Amino acid sequence: MEQKINEFMALVESKNPNEPEFLQAVREFAETVIPFISERKKYDGKNILLRIAEPERSIIFRVPWVDDKGEIIVNRGFRIQMNSAIGPYKGGIRFHHTVNLSVLKFLAFEQVFKNSLTTLPMGGGKGGSDFDPEGKSDGEIMRFCQSFMTELCRHIGPDLDVPAGDIGVGAREIGYLFGQYKRIRNEFTGVLTGKGLAYGGSLIRPEATGYGVVYFTDQMLRTIGHDIKGKVVAISGFGNVAWGVALKVNELGGKVVTISGPDGYIYDEEGISGEKIDHMLEMRATGDNRAERYLEKYPNAIFHKGKSPWEVKVDIAIPCATQNELNGDDAQKLIDNGVLCVTEAANMPSTLDAIKLFLDNKVLFAPGKAANAGGVAASGLEMTQNSIRLNWTSEEVDLRLKEIMIGIHNQCKKYGAEEDGYVNYVKGANIAGFVKVADAMLAQGVV
Ligand SMILES: NC(=O)C1=CN([C@@H]2O[C@H](COP(=O)(O)OP(=O)(O)OC[C@H]3O[C@@H](n4cnc5c(N)ncnc54)[C@H](OP(=O)(O)O)[C@@H]3O)[C@@H](O)[C@H]2O)C=CC1
Ligand SMILES: N=C(CCC(=O)O)C(=O)O
């Protein structure tokens, strides 16, 4: 079996050189799904995984715009339309200087199976740009979004490809993107999700990713007789996802004690509420993303310069920032400190070494494609509301979101339960996400 996996990865690597993030995501998936495929005639010998690992379409385009000084800037835009077997492409847009083809292909690949797990009719895609919103004025953000959408609008639509937010793309950016789309295409549709409530957005969508992460974490803890109440939680970043996680952890009686930025992490023994993260988001909006500034308003906290929050003794660790932010050394520190549960809120925040350590030590470990699916699930619910031209209450959306997360958890248990009772959620999520996509691809022929 290892030979089969290595042969497959050698072929994918030969077709996608110098794309480490994409190859990492494919390897993590192949190591669990190739054994599953090999045992089932229905899937074996059909090159389904080879087809899935090849985007249906990769669109790369120029994004020229003018900054406040009148200088012409050129960025690169992307939209990876990975797989539409079970629905229109669906996935976020990321604006960050670290964005490149490899990063967006890994995100689009993960999105295929994440969206499948939600059971909603959504294929997988992802897009973005190497544009860095940090420190840009509102006018510069708007002009960039308008130029980006001037090209992207040729390739998306409510029944074709429905983008949303991700790193660097929040409500403001979605508004500017939507306005330009509507102006050029002269149609008002649910072509984007994460829209404002005034023009077709859904209640709970801003909080949904973080809420869903905590719902999934609570479900995992219940399998070992625990719950969130009284637990101490370390999180990273302080963006939209971290904010939603902090809100729900505090609501369910847990205590968040860390956030982090590019300069280091904050430890706050008194606990970090959603409101405290709100304050940090306001500061970040001014272009200052230093976590240390937390001390200006909350001086009893401690700032650890250049360190990561994974050195803190906690019950639960929830990486909320970005890919590969939690490595093998971080994982070992968490394990040595007795961590009960690690839930990926970010996309692929753990390295393969870290994942192996968590699984080998029987730590409850939830991969992002399962645990952070609440964001895209709420996007799917926004699309439903747009289709029926009705708005649900926040209670109705939250209830549907929680039901979806419990359903994902149950699917992971079905395919990931091991003889000793431990649940390998990586295996469970990958196989559960694969089955629906593979069945649809088989039915639709070699396309
Ligand atoms: N938004 C959504 O609906 C969903 C998002 N996700 C994932 O969650 C994670 C966070 O997204 P979101 O909260 O929306 O994004 P935000 O832009 O709101 O916040 C991102 C946070 O991560 C930090 N960060 C980003 N890139 C890096 C980096 N390269 N190194 C260190 N820190 C970094 C940011 O700090 P800085 O100021 O330095 O950039 C910020 O604190 C991402 O992995 C995203 O893909 C998953 C599911 C849904
Ligand atoms: N950025 C997102 C949300 C995508 C969406 O809501 O379409 C993700 O699932 O990674």
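Predicted model: local features only at pLDDT ≥ 70, side-chain atom pairs only at ≥ 80, totals over all residues.
Residues are numbered from 1 along each chain as its sequence is written, chains are lettered from A and ligands numbered from 1 in the order in which they are written, and side-chain values use heavy atoms, with hydrogens and water left out.

A polar side-chain atom of K90 is 2.5 Å from one of its oxygen atoms, and a polar backbone atom of G165 is 3.0 Å from a nitrogen atom of ligand 2. Taken alone, ligand 2 exposes 300 Å², of which the protein buries 94%; such accessible areas come from the Shrake-Rupley method with a 1.4 Å probe, and for residues only the protein chains shown count as cover. Two or more residues of the shell are given by each of β3 (89-95), α4 (101-117) and α14 (374-388). These elements are DSSP runs numbered from the N terminus (helices: H or I, at least four residues; strands: E, at least two).

In total, 14 residues surround ligand 2, and K90, K114, K126, D166 and S379 are the closest; a residue is near a molecule or strand if one of its heavy atoms lies within 4 Å of it. The shell of ligand 2 divides into two nonpolar, seven polar and five charged residues. Here Ala, Val, Leu, Ile, Met, Phe, Trp, Tyr, Cys and Pro count as nonpolar, Asp, Glu, Lys and Arg as charged, and the others, Gly among them, as polar.

Around ligand 1 there are 23 residues, of which E134, D166, R205, N240 and N347 come nearest. They comprise eight nonpolar, 10 polar and five charged residues. Oxygen atoms of ligand 1 lie 2.9 Å from a polar side-chain atom of R94, 2.9 Å from a polar backbone atom of N240 and 3.0 Å from a polar side-chain atom of R284. The protein buries 87% of the 880 Å² that ligand 1 exposes when taken alone. The elements giving two or more residues to this shell are α7 (205-222) and α8 (240-251).

Both of these helices also pair with another helix. The axes of α8 and α9 (residues 274-285) come within 8 Å and cross at roughly 165°, which means that α8 is roughly antiparallel to α9. The axes of α7 and α15 (residues 394-416) come within 9 Å and cross at roughly 45°, so α7 is oblique to α15.

Key:
Polar contact = N/O pair within 3.5 Å; in protein donor to acceptor, adjacent residues only side chain to side chain. Axes fitted to C-alpha atoms, helices over the stretch in contact; angles between N-to-C directions. Parallel < 35°, antiparallel > 145°, perpendicular 65-115°, else oblique.
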